[in-house]
Amino acid sequence: MSDSTFLYDPLGPQGARRIRWISVVIAVLGLGLAVALLRRLQGQGHLDPQDWAILADPDTGVPQTLWRGYLATLRAALLAMVLAVGAGLALAVGRMSPIPPVRTIVGAVVELLRGVPLLLLMLFAALGLPRLGVELSLLQVVVLALVAYNSAVLCEIFRSGIAAVGRGQREAAAALGVHPAVVFWRVLLPQAIPAMLPVLVSQLVILLKDTSLGYIIGYTELLRSGRSLVEYYGSQYSLQLYLGAAALYVVTNIALSLVAHRLTGRTRGRRGPLVPRMLTEEETIR
């Protein structure tokens with residue numbers, strides 16, 4: 001498999017030049033909008049350092065409250081990420097099963113979960129499951145809804161990435177008598193993961209931001225913590241408090257993207273052209 005992503009073809013020289021010019025224009029426009037916004041904020045007195053000091057003053061309780069909300073967001077996001085990746089991979093295996101009834105059932109489940117809005121899933125977990133005798137904590141409700149929705153999306157990402165691996169890989173392994181399960185785990189998946197990482201990270205970033213929907217059911221995550229501080233200190237600090245919460249989201253997402261970028265580089269560096277290692281006799285079922 002080449003280093004190009006399976007979602008689009010690599011750009012030619014003319015396309016690359018066009019993208020560079022478009023990037024320059026967008027950067028200039030963005031800089032102009034940023035300058036205009038800062039001038040407007042300055043004119044309205046929103047850039048007074050004393051107003052922004054509330055974000056770092058421990059006597060106000062603002063840093064502590066935002067930090068607790070941030071930890072709650074990370075707790076829900078990390079749990080949901082791990083479970084959603086595992087569930088998404090299991091669903092992808094089901095969708096690629098050679099057994100038609102399994103493919104049909106798993107496909108129906110995936111389409112159902114993808115078609116229902118995440119907020120509706122969260123409300124059902126919070127309000128509907130208790131009527132069925134299933135009592136969950138707020139954290140469990142948020143995690144369950146995030147896993148249910150994102151596992152279906154990740155399933156399609158895994159399936160697309162594995163399907164992008166050259167068909168000759170499967171045929172060569174089948175000619176050697178390798179069991180299909182071994183082909184999936186030792187041949188197809190290791191080659192597909194490096195190409196899927198950018199898309200996977202994008203979806204995990206969306207998952208992290210979607211934890212803010214826990215605000216609807218009363219889960220005290222970062223957004224709800226910021227909102228409670230605005231209600232306590234008044235609207236004069238709303239810009240500072242909301243931007244402080246937004247900054248934590250942005251920093252976390254950037255860190256997640258950087259980690260994924262480094263993992264992608266290491267994976268490709270170790271595997272070279274992404275050719276899997278030879279299977280041992282114990283791993284080959286004749």
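## Terms and model

Two residues are in contact when heavy atoms of each lie within 4.5 Å. This is a predicted model, in which local features need pLDDT of at least 70 and side-chain atom pairs count only at pLDDT 80 or more, while totals for chains, interfaces and linings use all residues. Residues are numbered from 1 along each chain as its sequence is written, and side-chain values use heavy atoms, with hydrogens and water left out.

## Overall make-up

The protein has 10 helices and zero strands. Helices (H or I, at least four residues) and strands (E, at least two) are DSSP runs, numbered from the N terminus. The order along the sequence is α-α-α-α-α-α-α-α-α-α.

Of the 286 residues in the protein, 36% are buried. Buried means under 20% relative accessible area, exposed means over 50%, and partly exposed lies in between (1.4 Å probe, protein chains only). Taking contacts between residues at least 6 apart in sequence, 77% join residues at least 24 apart.

## Nonpolar cores

A nonpolar core is a set of buried Ala, Val, Leu, Ile, Met, Phe, Trp, Tyr and Cys residues joined through side-chain atoms within 4.5 Å. In soluble globular proteins, nonpolar side chains tend to be buried together. In this model the largest nonpolar core has 48 residues, and V142, F158, L200 and L207 have the most contacts inside it. At least two residues of this core come from each of α3, α4 (100-115), α5 (118-131), α6 (138-163) and α8. The most are given by α6, with 14 residues.

What does F158 touch, not counting residues up to four places away in sequence? The residues are V85, G88, L89, A92, M196 and L200.

A192 lies in helix α8. Is A192 buried or exposed? A192 counts as buried because its relative accessibility is 0%. Leaving out residues up to four places away in sequence, A192 touches G161, I162 and V165. From A192 to A164 the C-alpha distance is 7.4 Å, although these residues are 28 apart in sequence.

L112, in helix α4, has a relative accessible area of 55% and is therefore exposed. The C-alpha atoms of L112 and A152 are 8.7 Å apart in space, and the two residues are 40 apart in sequence.

## Packing of α3 and α9

Two packed helices are described by the angle between their axes and the distance between the axes. For helix α3 (residues 62-95) and helix α9 (residues 222-233), the axes come within 7 Å and cross at roughly 155°. Axes are lines fitted to C-alpha atoms, for helices over the stretch in contact, and angles run from 0 to 180 degrees between N-to-C directions. Angles under 35 degrees count as roughly parallel, over 145 as roughly antiparallel, 65 to 115 as roughly perpendicular and the rest as oblique. So α3 and α9 are roughly antiparallel to each other.

On the α3 side, the contact is made by V62, T65, L66, G69, Y70 and T73, and on the α9 side by L222, S225, G226, S228, L229 and Y233. By class, this contact has six nonpolar, six polar and no charged residues. Ala, Val, Leu, Ile, Met, Phe, Trp, Tyr, Cys and Pro count as nonpolar, Asp, Glu, Lys and Arg as charged, and the others, Gly among them, as polar. T65 of α3 is buried, with a relative accessible area of 15%. Not counting residues up to four places away in sequence, T65 touches S225, S228 and L229.

V230 is placed in helix α9 and is buried, with a relative accessible area of 7%. Beyond neighbours within four places in sequence, V230 is in contact with S235, S238, L241 and Y242. V230 and L241 are 11 residues apart along the chain, and their C-alpha atoms are separated by 6.9 Å.

Where is S212 found? S212 is in the loop between α8 (180-210) and α9. S212 counts as buried, because its relative accessibility is 19%. A polar atom of the S212 side chain lies 2.7 Å from the backbone oxygen of K209. Residues up to four places away in sequence aside, S212 touches E221, L223 and Y249.

How values were computed:
Polar contact = N/O pair within 3.5 Å; in protein donor to acceptor, adjacent residues only side chain to side chain.
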